[in-house]
Amino acid sequence: MQKVTLNVQGMSCGHCVKAVEGSVGKLEGVDQVNVKLDEALVEVSFNESQVSLDTIKETIEDQGYDVE
């Protein structure tokens, strides 16, 4: 299991948290997603043999947020 913390810009409310946690949480191989709205961070635990970090980043970007 790999754990990463991503800097995600553009999140501003509870809807943003639900959008990111919901979309990333549905990915095969993602174990846990935790959005820290006040810090603009997204912590993700995932199985790298099932899902790539690039796929996780693309999923967040597809929700309209910028991953740095």
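**View 1. Confidence along the predicted model.** In this predicted model, confidence is lowest in helix 1, at a mean pLDDT of 95, and highest in strand 3, at 98. The protein as a whole averages a pLDDT of 96, and 100% of the residues score at least 70.

**View 2. Strand 3 and its two antiparallel neighbours.** Strand 3, made up of residues 41-46, is joined by six bridges to strand 1 (residues 2-9), and these two strands run antiparallel. Six bridges likewise join strand 3 to strand 2 (residues 30-36), again in an antiparallel arrangement. Phenylalanine 46 of strand 3 is the bridge partner of glutamine 2 and is also the bridge partner of valine 30. Because five of the six residues of strand 3 are buried, this strand is largely enclosed by the rest of the structure.

**View 3. The hairpin turn between strand 2 and strand 3.** Strand 2 and strand 3 form a hairpin in which four residues lie between them. Within this turn, alanine 40 has a positive phi of about 60°.

View 4. In helix 2, which spans residues 53-62, Ile56, Thr59 and Ile60 are buried. These three residues cover an arc of only 95° around the axis, which puts them on the same side of helix 2. An α-helix has 3.6 residues a turn, so residues three or four places apart point the same way. The face turned away from the buried side of helix 2 carries the exposed residues Asp54 and Asp62. The elements that cover the buried residues of helix 2 include strand 1, helix 1 (14-25), strand 2, strand 3 and strand 4 (66-67). Just after helix 2, glycine 64 takes a positive phi of about 100°.

**View 5. The largest nonpolar core.** The largest nonpolar core has 21 residues, of which Val24, Val30, Val42, Ile56 and Ile60 touch the most other members. Strand 1, helix 1, strand 2, strand 3 and helix 2 each supply at least two residues of this core, and helix 1 gives the most, with five residues. In soluble globular proteins, nonpolar side chains tend to be buried together.

**View 6. The surroundings of valine 42.** When residues up to four places away in sequence are not counted, valine 42 touches Val4, Thr5, Leu6, Val8, Met11, Val20, Val33, Asn34, Val35 and Ile60.

Methods:
Residues numbered from 1 in each chain as written. Predicted model: local features only at pLDDT ≥ 70, side-chain atom pairs only at ≥ 80, totals over all residues. Heavy atoms only, no water. Buried < 20%, exposed > 50% of the residue type's maximum accessible area, 1.4 Å probe, protein only. Pairing = 2+ DSSP bridges. Arc of directions from axis to C-beta. Contact = heavy atoms within 4.5 Å. Core = buried A, V, L, I, M, F, W, Y, C linked by side-chain atoms within 4.5 Å. pLDDT = per-residue confidence, 0-100.
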